[in-house]
Amino acid sequence: MQHVKCLIIGSGPAGYTAAIYASRANLQPILYEGPQAGGQLTTTTEVENFPGYPDGVEPFQMMDDMRKQAERFGAEIRSGIVTRVDFSLSPKHVWVEDTEELTADTVIIATGASAKYLGLPSEKEYKGKGVSACATCDGFFYRRKTVAVVGGGDTACEEALYLSGLCLKVYLIVRKPYLRASEIMQKRVREAENIEILFEHNTLQLTGEGKVQGADLIYRKGEADESLRHIDIDGFFLAIGHHPNSDIFKEYIATDEQGYIITRPGTPLTNVAGVFAAGDVADPHYRQAITAAASGCKAAIEAEKYLKTL
Ligand code: NDP
């Protein structure tokens, strides 16, 4: 069984930054990429707010740069999904794909968060047949078609704008009478000629023969002027937030009611000595690439400090 000083789980900005710092500190980290190499960021179109890229950067490029930077100092990046852990033992035990077992003195959890779905039965029925949670991945299939995006945050606006460049028309379905996205994103959405914002609308169900062809919506649910509306669409994109990927750690690691890993304020320290959490899996508030990267840096520094106590 292989033993490592520092095992990093996840390959977003938090995981790679932890790998850069841990490898430069000679911890010879091994990083498991998880189901989505490069993490959630690779589902966005362009990164415009990461310092150091005045003209913006393509997310795959940025994550590839981070990976190369980590590898340059000896980090070993492996494809594979960590499926089970046992943090009751020292060293910690970690299983990859339920078969390969490793032991680690320190573990940095940087597993991020995944897209949420509305929970409609028709969402499952049409998954991959018109339902998607990633415009950048699937938008191409909807060129010159009509689609809907659900949500009123930055992700929804970003997805709607991306799709507006490909599609004939984009409906933005927002349950409140306002958007919660940043001002700049709201402005861009409002200025896009082919985006129609449907405020105070909720989705009741998706319709279609074998694929999404429409959606039944309800306007001002529960109010005196409540009404039903049907829109014809070819694609339905979810952008209503994320849930943290912390399930496999919950037996050992304290989480809040939403599943975010609880860390000691201002640090990546979890309730288990030698296990650290970085990035979106422990951050219900900021969820930015830059804040994830910063917490990955802190986690590696804390891992190094912890190793000196062993
Ligand atoms: P948010 O939590 O900010 O927004 C989620 C949106 O989905 C809200 O409008 C919410 O409505 C809506 N929603 C949630 N559940 C439902 C539901 N069941 N039915 C209908 N609508 C629902 O998530 P985001 O993913 O947009 O953003 C997360 C974080 O990442 C934010 O801090 C954001 O600023 C950041 N981000 C930044 C980007 C950038 O700077 N380029 C790009 C993308 C994200 P309601 O408002 O009613 O709660």
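Trainee: How many residues surround the ligand, and which are the closest?
Mentor: Keep in mind that this is a predicted model. The ligand is surrounded by 18 residues, and the closest are G152, D154, T155, R175 and R180.

Trainee: How many of the shell residues are nonpolar, polar or charged?
Mentor: Eight are polar, six are charged and four are nonpolar.

Trainee: Which helix gives the most to the shell?
Mentor: That's α5, residues 154-164, with three residues in the shell.

Trainee: Let's move to the sheets, then. What is the strand order in the five-stranded open sheet?
Mentor: The order is β8-β15-β9-β10-β11, with parallel pairing. At the edges are β8 (131-132) and β11 (195-198), each of which pairs on one side only.

Trainee: Where does α5 sit relative to that sheet?
Mentor: Helix α5 packs on the sheet and touches β9, β10, β11 and β15 (235-238). The direction of α5 makes about 170° with that of β9.

Trainee: How many bridges are there between β9 and β10?
Mentor: Five, in the parallel sense, between residues 146-150 of β9 and residues 169-173 of β10. If you want a pair to click on, V147 has V170 in β10 as its bridge partner.

Trainee: Nice. What about β1, which strands does that pair with?
Mentor: One partner is β6 (residues 100-109), which pairs with β1 (residues 2-9) in the parallel sense over seven bridges. There, I8 stands opposite I108 in β6. Another partner is β2 (residues 30-32), again in the parallel sense, over three bridges. The bridge partner of I9 in β2 is Y32.

Trainee: Switching topic to backbone geometry. Which residues does the cis peptide bond join?
Mentor: S90 and P91, with omega about 0°. You'll find P91 in the loop between β4 (82-86) and β5 (92-96).

Trainee: And what is the phi of E97?
Mentor: E97 has a positive phi of about 50°, although it is not a glycine. E97 is in the loop between β5 and β6.

Trainee: Why flag those two spots?
Mentor: Because most residues other than glycine have a negative phi, and most peptide bonds are trans.

Trainee: Last one, the three-stranded open sheet. What is the strand order there, and is the pairing parallel or antiparallel?
Mentor: The order is β12-β13-β14, and the pairing is antiparallel. Its edge strands are β12 (201-207) and β14 (227-232), each pairing on one side only. From one strand to the next, the twist averages 25°.

Trainee: How many bridges join β13 to β14?
Mentor: Six bridges join them, with β13 covering residues 214-219.

Trainee: Great, thanks for the tour!

Note on methods
Residues numbered from 1 in each chain as written. Predicted model: local features only at pLDDT ≥ 70, side-chain atom pairs only at ≥ 80, totals over all residues. Heavy atoms only, no water. Near = heavy atom within 4 Å. Helix = DSSP H or I, 4+ residues; strand = E, 2+ residues; numbered from the N terminus. Nonpolar A, V, L, I, M, F, W, Y, C, P; charged D, E, K, R; others polar. Pairing = 2+ DSSP bridges. Contact = heavy atoms within 4.5 Å. Axes fitted to C-alpha atoms, helices over the stretch in contact; angles between N-to-C directions.
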